[in-house]
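Subject: Structure handover and notes

Hello,

Here is the structure for your files, followed by my notes on what was found in it. Please keep the viewer open while you read.

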Amino acid sequence: MAKTFEKAVTGFNHNIKHKGKVYHVQTEDSGVNNPHIITHLFVGGNILASKKTSYADILNAENLAEVVRELMEEQHKEMLRNLINGVYDNYESTVRSYQPGQLATDAEMAAQPKLPQAPVQQPRPPTPPPPPAVAPASLLPPEVAAARALKEKPRINEVGVETLFGEDLISEKSLDEVILSYLASEGEPS
């Protein structure tokens, strides 16, 4: 009986610089439920080329995962070879592509088509939020129930936020000193 694999074979990703642009080649397997290998060539976030190959005809292969991996490698290498050999040099993208870290210039931003603006509606007066529904303690997550049961309520810290953290416990002692102090007081009665 033929062995099958349940999950898709892990794919490949490569960035390659060619003629001053960084291209990204990505190959992935869709798994036995959708037996396809797909390779995309990206430049500036746009797909420049794609290749999709079905392997439905070999699903009963004894070592399917290894065969699919070899097919993926060959398809990935083919896309890389085509890129290096100039197959995609004359492909022009209709969308401006950017290299990693490159931002659009002010002139490019001004030249972009503007989306129509929705008509401005008069703001409605805000409706007060409904009072919070208090869930029974049995339905609350344990950490919420524990927080509500605290005897000491949260304090407002220096930036005006409620906090349960001990900002007042910060000291100039090193971690070693704090640990030794704790261990030394562990045997003492409180």
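In which strand is the place of Ile47? Ile47 sits in strand E4. Please bear in mind that this is a predicted model.

The sheet

E4 belongs to an open sheet of four strands, which follow the order E1-E2-E3-E4 with antiparallel pairing. Strand E1 (12-18) and strand E4 (46-54) are the edge strands, each of them pairing on one side only. On average, neighbouring strands in this sheet are turned by 15° against each other, direction ignored. As background, the strands of a sheet pair through backbone hydrogen bonds, either parallel or antiparallel.

Going through the sheet pair by pair:

- E1 and E2 run antiparallel and are joined by seven bridges. Lys17 stands opposite Val22 in E2. The hairpin of these two strands has two residues between them, and Lys19 takes a positive phi near 50° there.
- E2 and E3 are also antiparallel, with seven bridges. Tyr23 is opposite Val43 in E3. Their hairpin has six residues between the strands, and in this hairpin Gly31 has a positive phi near 90°.
- E3 (residues 36-43) pairs with E4 over eight bridges, again in the antiparallel sense. Here Phe42 has Ile47 in E4 as its bridge partner.

Ile47 and His40

Not counting residues up to four places away in sequence, Ile47 touches His40, Leu41 and Phe42. Between Ile47 and His24 there are 23 residues of separation in sequence, while their C-alpha atoms are 9.2 Å apart in space.

His40 is in strand E3. Is His40 buried or exposed? His40 counts as buried because its relative accessibility is 16%, and the cut-off for buried is under 20%. The side chain of His40 also makes a polar contact with the side chain of Ser50, at 2.6 Å. With residues up to four places away in sequence left out, His40 touches His24, Val25, Gln26, Ile47, Ala49 and Ser50.

The helix and the cores

Helix H1 (residues 64-84) lies across E1, strand E2 (21-29), E3 and E4. The helix runs at about 10° to E1.

Which residues form the largest nonpolar core? There are ten of them: Tyr23, Val25, Leu41, Val43, Leu48, Ala49, Met79, Leu80, Leu83 and Tyr88. E2, E3, E4 and H1 are the elements that give two or more residues to this core. H1 provides the largest share, three residues. Apart from this core lies another one of eight residues, including Ile37, Ala61, Leu64 and Val68. In soluble globular proteins, nonpolar side chains tend to be buried together.

Leaving out residues up to four places away in sequence, Tyr23 touches His14, Asn15, Ile16, His18, Leu41, Phe42, Val43, Leu48 and Leu83. Of these, Leu41, Val43, Leu48 and Leu83 are listed with Tyr23 in the ten-residue core.

Regards

Key:
Residues are numbered from 1 along each chain as its sequence is written. This is a predicted model: local features need pLDDT of at least 70, side-chain atom pairs count only at pLDDT 80 or more; totals for chains, interfaces and linings use all residues. Side-chain values use heavy atoms; hydrogens and water are left out. Two strands pair if DSSP finds at least two bridges between them. Axes are lines fitted to C-alpha atoms, for helices over the stretch in contact, and angles run from 0 to 180 degrees between N-to-C directions. Contact means heavy atoms within 4.5 Å. Buried means under 20% relative accessible area, exposed over 50%, partly exposed in between (1.4 Å probe, protein chains only). A polar contact is a pair of N or O atoms within 3.5 Å; within protein, one must be able to donate a hydrogen and the other to accept it, and residues adjacent in sequence count only if both atoms are side-chain atoms. A nonpolar core is a set of buried Ala, Val, Leu, Ile, Met, Phe, Trp, Tyr and Cys residues joined through side-chain atoms within 4.5 Å.
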